[in-house]
Amino acid sequence: MKDLLKKLISLPSVNPSMGGTGEGVLCNYLFDRLSDLEVEVIRQEVFPGRDNIAARIGGADEPAVLLEAHMDTVAVDSWAKGDPFFPQEEEGRIYGRGSCDTKASMAVFLSCFEHFAANVAELKRPLVFAATVDEEERQSGAYKLMDLDWPLEGAIAGEPTLCGIINQHKGCVRFSIEVEGVAAHSSSPDLGKNAISRMGEVIRRMDSYRDLLESSVASAIGAPTVSIGTIEGGTGVNIVPDSCRIEVDRRTVPGEKSDDIIRSIAAMFSDLPWVKVVPDLMRPAMATSEDEAFCQELANALRGYGDFRGFESAKYMTNAVAYSAKGIPSLVFGPGDISKAHMNDEFVEFEELEKARAILITLLSKN
C-alpha cells in the first residue's frame, strides 16, 4: 500500500475549480490497473475529461458493499514541504497533496478490492470499488455514481477519520442573495439607489439569523450554522452601484430540508422587493442509524482491534450524502486525521493505512 499511495499522490488531481487540471491522469491509471484484474470496470463520464471509475466483484443481482474515495484534491499554492506531488516518507509519515484527503483511503480501498479479486471465495458479499470526481466542489461524481443503480446494502465514503466510524454529518445549502440598485453618477448619488448600501440591511438580517441559529438547540452534530463567504458589487468608484451580491453557506443538521431553508431565507426579505435569493447547492445532512446491520458489522470489525470509540458525528460534509439520499446505509471511514487535510504539509501515518485495511478485510471476509 505504501508504494500504491505514493503513486496516487504523484498523479496530480487538483479540482479544476481550484486551478487544477482535474482527475484525468489518475482516472486513466486506475482504469488501466483495474482492467488488468479482469473484473467488471466502468468508466462513467461526469464532465468532459472527468470520469468516475467503478469496478465490481460478485453477483450482479446481489447487494454489494461500496468502498468509494474521491480522486480530486485541493490546490497546492501554499505547499510548504518540497514538491506536493513527489511524496516524501519521514518517520512513518507520507507527505504529499492528497496523502490524507483522501488518497490514503483510496489506497486502502483499492488494496482490499485487489485482494478479493484474487480471492473471491473469501468474499462475504459482492464488492464495489469506486473513485469519484469533484468531491471538493459539488460532490457531482458521487451523485452521478448512483445512476449506475447497482444494488448496495451499505456504502463507505473514504475520508480521514482515524479509523473511526462517522454515521452522521452536516449537509449544506449554498445560495446567493442579489440586491438591485439604480446606477447614477457619483457626483449625484441622490439620483441613484446604492445596491451596496442596500446590501447592508441584508447582511444585518443575516447576522441576526446567524445568531438565532447558533443559539438553537444543538443536535449531536452541533447547531446549524450560516456564513457569508463572498461579496461583490459596483463597477467603479465614480458610479453608484446598481447591483451587489453575496454568497452564503448554510450548514444543515439531520431533519432540516433544503427547500424549507431557501423558503425561510426568502421570507426574511419579502418586504424588500429589490432582494432576490438564488439557490445553488443543496446537499442534505447524512444520518445512518446505529441499529443498521451494516453499522454494527463495521463496529464489530473495529472491536476486533480494541479501538471502537463509538459512533461519531462530523461538522463537515462528504460524498456519503449522495448514498444516504438514495436510502443506502452510509458511513464515513478511513485512515488519517482530518485536521491534516488541506494543510500545506499534509501527511498520513502509514500505520493508519495498515489498520484501516485490516479492519475492512475483516468486515468483508466470510470468516
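In which strand is A69 found? The legends below, all for a predicted model, begin with this residue.

View 1. A69 lies in β3, the strand spanning residues 64-70. The relative accessible area of A69 is 0%, so this residue counts as buried. Leaving out residues up to four places away in sequence, A69 touches T102, S105, M106 and F109, together with A130, A131 and T132. L127 is 58 residues from A69 along the chain, and the C-alpha atoms of the two are separated by 14 Å.

**View 2. Packing of helix α1 against helix α3.** Helices α1 (residues 2-10) and α3 (residues 99-118) pack with their axes 9 Å apart, at an angle of about 130 degrees. Because of this angle, α1 is oblique to α3. Their crossing is right-handed. From α1, the residues in the contact are L4, L5, L8 and I9; from α3, they are S99, K103, A104, M106, A107, L110 and S111. Eight of the contact residues are nonpolar, two are polar and one is charged.

**View 3. The largest nonpolar core.** This core has 54 residues, and those touching the most other members are L67, M106, I156, L298, F333 and L360. Helix α3 supplies the largest share, nine residues. Apart from neighbours within four places in sequence, I156 is in contact with L66, L67, E68, F109, F294, L298, L331, F333, L360 and L363.

View 4. A separate core of 22 residues has I261, I265, F269 and V275 among its members. In soluble globular proteins, nonpolar side chains tend to be buried together.

Definitions and conventions
Residues are numbered from 1 along each chain as its sequence is written. This is a predicted model: local features need pLDDT of at least 70, side-chain atom pairs count only at pLDDT 80 or more; totals for chains, interfaces and linings use all residues. Side-chain values use heavy atoms; hydrogens and water are left out. Axes are lines fitted to C-alpha atoms, for helices over the stretch in contact, and angles run from 0 to 180 degrees between N-to-C directions. Helices (H or I, at least four residues) and strands (E, at least two) are DSSP runs, numbered from the N terminus. Angles under 35 degrees count as roughly parallel, over 145 as roughly antiparallel, 65 to 115 as roughly perpendicular and the rest as oblique. A crossing is left-handed if the near helix is turned anticlockwise from the far one by less than a right angle, and right-handed if clockwise. Contact means heavy atoms within 4.5 Å. Ala, Val, Leu, Ile, Met, Phe, Trp, Tyr, Cys and Pro count as nonpolar, Asp, Glu, Lys and Arg as charged, and the others, Gly among them, as polar. A nonpolar core is a set of buried Ala, Val, Leu, Ile, Met, Phe, Trp, Tyr and Cys residues joined through side-chain atoms within 4.5 Å. Buried means under 20% relative accessible area, exposed over 50%, partly exposed in between (1.4 Å probe, protein chains only).
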